[in-house]
Amino acid sequence: MYEVLKNMELAPKIRLFEVYAPEMAEKAKPGQFVIVIIDEKGERIPLTLAGYDAENGTITFVFNEVGKTTKQLGILREGDSIWNITGPLGNPSEIRNFGRVLCVAGGVMIAPMLLQVKALREAGNTIVTAIGARIEELLFFEEEVKALSHEFYVATDDGSKSYKGLDFLRQILAKKKFDRCVSMGPVVMMKNVSEITKPFGIPTVVTLTPIMVDGMGMCGVCRVTVGGKMMFGCVDGPEFDGHQVDFDGLIKRQRMFLPEERLSALLWELQGGCECGRKQA
Amino acid sequence: MAESKPKPKIKKESVPILKQKPEDRRRNFNEVALGYTEEQTLEEASRCLQCPKPQCIQGCPVEIEIPAFIKLLREGQYEEAIAKIKEKNSLPAICGRVCPQEEQCQKFCVVGKVGEPISIGRLERFLADWERDRGFAMPKKPPATGKSVAVIGAGPAGLTVAADLAKLGHKVVIFEALHLPGGVLVYGIPEFRLPKKIVQAEVDYIQKLGAELKLGYLIGRTYTIPELLKERGFDAAFIGTGAGLPAFMNVPGENLGGIYSASEFLIRVNLMKSYAFPEYDTPIRIGKHVVVIGGGNVAMDSARSALRLGAEEVCIVYRRSREELPARREEVENAEEEGIICKFLATPTRFIGDEKGWVRQMECICMELGAPDDSGRRRPVPVKGSEFIMDTDTAVVAIGRSPNPIIQRTTGGLEVTRRGTIVAEENGKTSLEGVYAGGDIVTGEATVISAMGAGKKAAKAIHEYLTKKPFA
Ligand SMILES: Cc1cc2nc3c(=O)[nH]c(=O)nc-3n(C[C@H](O)[C@H](O)[C@H](O)COP(=O)(O)OP(=O)(O)OC[C@H]3O[C@@H](n4cnc5c(N)ncnc54)[C@H](O)[C@@H]3O)c2cc1C
Ligand SMILES: Cc1cc2nc3c(=O)[nH]c(=O)nc-3n(C[C@H](O)[C@H](O)[C@H](O)COP(=O)(O)OP(=O)(O)OC[C@H]3O[C@@H](n4cnc5c(N)ncnc54)[C@H](O)[C@@H]3O)c2cc1C
Ligand code: SF4
Ligand code: FES
């Protein structure tokens with residue numbers, strides 16, 4: 001059992017959780033994720049670490065309320081417990097002084113990107129960040145990211161705030177030499193970022209989010225094709241070379257269980273979106 | 001001839017076991033084999049000849065004193081009989097159900113030369129169930145030794161080590177990566193062959209002995225082995241992490257939706273209870289035409305699970321012939337009775353999907369058996385131009401599993417083979433001081449009983465190591 005210490009809304013349907021998990025807090029590194037199981041009937045869902053505090057024994061993650069499990073998480077109150085959390089999982093990010101780094105994050109993944117930016121900055125890099133969301137209301141952590149960046153850009157899909165889409169990245173890249181690009185967010189966004197950086201020859205690292213079950217290399221559901229080879233997102237990743245990833249294959253595999261996910265979410269809503277109708281954990 | 005001598009009459013047929021009828025069981029997850037009643041058990045036990053030089057024992061990987069326990073059983077001394085088994089085997093309720101007895105003890109039983117061998121496994125199961133039903137007797141707690149051991153992995157190997165060392169007074173902490181203990185016993189072998197409450201009872205017992213169970217700890221990530229020994233103060237460690245890494249075939253289309261590794265398929269069904277979706281949150285989708293590729297126990301379990309999940313037709317595709325099927329014969333029979341079709345001498349060459357990325361067809365090629373290979377079995381070779389197509393909307397790839405690699409990758413100085421297994425001596429000792437290993441992680445995919453046996457040996461060696469080791 002892991003106690004929820006904080007449940008905070010960052011933007012509509014985007015929540016930040018702080019959970020008491022001292023052993024994980026001590027071992028976690030940027031780029032890693034945890035697997036959360038809300039109760040004994042729950043699914044195992046992976047969430048990227050957005051923070052950890054060894055002193056207070058806490059870990060932080062930020063999630064989007066998209067389906068049954070994340071909605072059910074969302075209604076937990078401070079003081080409630082999560083049945084099981086496994087982690088930290090996955091390979092930590094490579095953090096060292098690369099030189100000038102372009103960090104591009106979208107949606108809910110702005111949160112773990114903040115952690116990444118912090119670490120890269122401490123390692124002595126010059127940081128240029130671009131964060132984005134579908135619409136302006138869904139943006140969060142703007143000030144925090146900005147404070148750690150040497151240059152900072154914001155974009156939305158509809159152009160309601162600053163830049164529209166990702167095309168402006170080309171102009172940034174054309175102006176200065178970049179040594180690395182780190183991208184976290186929706187798969188389509190990471191795909192576009194990788195396509196943009198490729199002609200500039202900038203090594204680009206993307207964080208892949210395939211469907212996972214065990215998260216420890218035992219099931220293979222998280223398989224992705226990278227450079228023509230089969231890789232497991234959970235143990236070989238989650239970070240991969242964006243110029244080698246078969247993004248279209250990944251997108252298809254992410255949608256495998258769409259009908260079941262819809263059914264699950266619908267039943268949840270019909271039950272009033274609460275614990276009633278389900279045995280108390 | 002010998003038959004005419006006034007020797008005891010041998011009852012050639014063993015007492016048949018009650019099973020759920022095929023037409024019932026093919027749609028439910030309840031246990032298939034119902035077990036002997038007390039009366040049937042005694043009748044079967046009466047067939048044992050109590051050979052002065054029993055052959056059965058040599059077939060048992062942990063050398064249970066089979067005639068001795070059968071004698072006690074016949075005399076009605078059930079408690080002593082189960083104690084006799086437990087001298088060598090700490091998981092009899094499990095082994096009585098899943099051991100390949102026909103390849104082990106029962107293969108050597110002399111009665112088998114004239115008729116059916118004694119059903120040793122069913123007798124073992126009866127005694128173990130009898131004991132569990134009346135509640136395990138707890139051994140007296142020995143004084144604490146002050147030494148502590150980290151056991152990694154809660155499969156049969158790890159659970160055995162934990163039980164034996166806890167009984168000796170050592171402090172034991174089991175670290176299990178998944179959210180439930182049992183290893184393959186919970187995530188792999190289906191409920192209809194091994195009810196999960198039996199595994200849970202064993203785990204409860206081990207916890208009552210004093211072992212602490214930590215779930216959701218992936219060693220190599222949360223802690224590494226050196227950290228457990230140096231920073232966390234453990235005096236020794238046992239690695240029983242099993243062989244769970246799934247193999248794929250590397251044929252085109254293998255990443256299409258609807259194609260599962262057997263591990264994924266069985267983890268969803270058993271560990272995550274997808275058969276009860278949407279009551280349980282983890283989904284699984286079963287099509288009308290399910291194919292399972294492979295011929296071992298894992299393939300049989302996958303096929304039989306798919307049938308129970310509502311598939312119209314389940315076909316096992318195996319590249320050799322019936323004679324070479326590695327699965328237990330009993331399970332193949334069970335599967336065929338339930339209506340599963342076996343297609344021999346064929347192997348997939350590619351999968352064909354629809355525009356949504358879901359598998360629709362599987363192309364196979366016919367095989368014929370050529371010269372024997374390293375394993376002594378005849379090597380299957382493709383027959384040119386013999387490709388054919390099967391309608392397939394779910395495919396389960398059950399062609400083998402290799403050792404879980406995380407510990408090997410994160411433990412400097414730990415000697416590992418090219419196959420990825422950990423190098424260990426007969427007693428489990430590895431190349432690192434105080435670090436022992438056993439079960440599938442050392443042997444590659446094997447059996448429950450061999451993992452349990454390796455655990456027993458390692459526990460003994462660890463105990464000796466700890467007794468000699470001075471207090472830090
Ligand atoms: C390594 C990794 C890190 C992630 N980090 C974050 C994060 O920090 N914040 C965040 O909001 N989301 C993150 N995700 C995605 C998150 O796991 C899914 O949003 C979540 O599982 C949805 O569950 P649900 O029941 O609420 O929705 P569902 O309705 O079940 O699913 C919605 C969508 O989420 C994806 N999904 C569903 N089940 C899984 C699963 N078991 N594993 C992975 N994806 C799944 C599918 O693409 C699906 O279409 C991450 C995924 C991975 C693999
Ligand atoms: C579907 C299936 C059917 C089978 N049927 C039979 C049968 O009928 N009869 C038979 O005798 N054998 C059968 N087997 C084989 C048998 O189950 C195995 O040989 C046996 O379970 C091996 O035991 P183990 O303790 O070595 O490993 P496992 O049972 O694999 O347990 C290893 C445990 O370690 C955990 N783990 C792995 N890595 C880590 C880590 N880094 N940190 C923490 N924990 C970790 C795993 O989650 C797992 O729980 C079957 C196997 C399968 C897959
Ligand atoms: S070989 Fe068969 S008959 Fe002889 S002791 Fe063993 S089980 Fe009994
Ligand atoms: S999630 Fe199962 S292997 Fe990666």
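Reply: Start with the hairpin of β4(A) and β5(A). Four residues lie between the two strands. In that turn, G57(A) has a positive phi of about 70 degrees. Strands here are DSSP runs of E, at least two residues long, and helices are runs of H or I with at least four, both numbered from the N terminus.

Some ground rules. Residues are numbered from 1 along each chain as its sequence is written, while chains are lettered from A and ligands numbered from 1 in the order written. The model is predicted, so local features need pLDDT of at least 70 and side-chain atom pairs pLDDT 80 or more, while totals for chains, interfaces and linings use all residues; side-chain values use heavy atoms, without hydrogens or water.

Now the pairing. Strands pair if DSSP finds at least two bridges between them. β4(A), residues 44-53, runs antiparallel to β5(A), with four bridges joining them.

How covered is β5(A), residues 58-64? Mostly: six of its seven residues are buried. Buried means under 20% relative accessible area, exposed over 50%, and partly exposed in between, with a 1.4 Å probe and protein chains only.

Next, ligand 1. It has 25 residues around it, and P46(A), T48(A), N64(A), T70(A) and E261(A) come nearest. To count as near, a residue needs a heavy atom within 4 Å. The side chain of T48(A) places an N or O atom 2.8 Å from a nitrogen atom of the ligand. M212(A) uses a backbone N or O atom, 2.9 Å from a ligand nitrogen. E261(A) has a polar side-chain atom 2.9 Å from a ligand oxygen.

Most residues other than glycine have a negative phi, and most peptide bonds are trans. The bond from G237(A) to P238(A) is cis, with omega near 10 degrees. P238(A) lies in the loop between α7 (233-236) and β16 (239-241) of chain A. In chain B, E63(B) is not a glycine, yet its phi is near 55 degrees. E63(B) belongs to the loop between α3 (56-59) and α4 (66-74). Its relative accessibility is 48%, so E63(B) counts as partly exposed.

Definitions and conventions:
Polar contact = N/O pair within 3.5 Å; in protein donor to acceptor, adjacent residues only side chain to side chain.
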